[in-house]
Amino acid sequence: MNCSMNNNKILIMAHRGASYHAPENTKAAFLKAPELGADGIETDMQLTADGKIAIHHNYYIDNTSDGKGAILLKTLKELKSYDFGSYKGEEFQGEKILTLEELLPLLKDMEIINLELKSPLDKSVDFVGKILKIVDKSGLKEEQVMFSSFDAKLLGKIKKKSSYRVGLLTLQEKMQSMRRELAASMAASYPVKDVVKF
């Protein structure tokens, strides 16, 4: 589990749901998280071949299902035909991959929902626009949701189109260049007259 600060209160976030106790990023994992006392969850979003937003960490499904191949090359219908639970134990047999629309109602009582954007391999699709449309329609409060990503440009697009909180994910060796990239991306999201000069 991860920790986050909210008004000096430490929040417990279940990484990919309660992924130690249930198959990661599945309904079982997300429902287990509040049972264990989590205040929120972290999860990952991927683009399918037919433009849907699927909840999955890796670009490939080989390690978490009975199928093989890249999510981007499979339609949602194809992905729904696979078992995403049995790898964790027989009691989870039949768990299906979730869409973002299916996930958000499960999280309505969570204090914080960290949605990680995985850089889409198909750059022609408005990945951010699709996600924001779903989140905006979900009925969740703005303060419940935050977006994170290793891709600073995606976070810049989030800020340009919304007022949701964002968080840049970094690896130590890439931290400085990623900070510069995020700063440039954020600056590009606002009119020049709004940028404070020092």
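1. The side chains of Arg-16 and His-57 are joined by a polar contact of 3.0 Å, a term used here for a pair of N or O atoms within 3.5 Å, where within protein one atom must be able to donate a hydrogen and the other to accept it, and where residues adjacent in sequence count only if both atoms are side-chain atoms.

2. On provenance, this is a predicted model, in which local features need pLDDT of at least 70 and side-chain atom pairs count only at pLDDT 80 or more, while totals for chains, interfaces and linings use all residues. Residues are numbered from 1 along each chain as its sequence is written, and side-chain values use heavy atoms, with hydrogens and water left out.

3. Arg-16 lies in the loop between strand 2 (9-15) and helix 1 (27-35); helices (H or I, at least four residues) and strands (E, at least two) are DSSP runs, numbered from the N terminus. Leaving aside residues up to four places away in sequence, Arg-16 touches Glu-24, Asn-25, Ala-29, Phe-30, Glu-42, Asp-44 and His-57, contact being heavy atoms within 4.5 Å.

4. Arg-16 counts as buried because its relative accessibility is 17%, the classes being buried under 20% relative accessible area, exposed over 50% and partly exposed in between (1.4 Å probe, protein chains only). Glu-24, at 18%, is likewise classed as buried, and its side chain meets that of Arg-16 in a salt bridge (3.1 Å, N to O).

5. Side chains of opposite charge can pair when their charged atoms come close. With a salt bridge defined as a side-chain nitrogen of Lys or Arg within 4 Å of a carboxyl oxygen of Asp or Glu, the count comes to 8 salt bridges.

6. One of these joins the side chains of Asp-44 and Lys-118 at 3.8 Å, N to O. The pair links distant parts of the chain, 74 residues apart, with Asp-44 in strand 3 (residues 40-47) and Lys-118 in the loop between strand 6 (112-117) and helix 4 (127-137). Asp-44 is buried at 0% relative accessibility, and Lys-118 is buried with a relative accessible area of 11%.

7. Glu-102 and Lys-80 also meet through their side chains in a salt bridge (2.8 Å, N to O). Here too distant parts of the chain are linked, since Glu-102 sits in helix 3 (residues 100-103) and Lys-80 in helix 2 (residues 76-80), 22 residues apart. Glu-102, at 34% relative accessibility, counts as partly exposed, as does Lys-80 at 24%.

8. Finally, salt bridges that share partners join Asp-44, Glu-116 and Lys-118 into one network.
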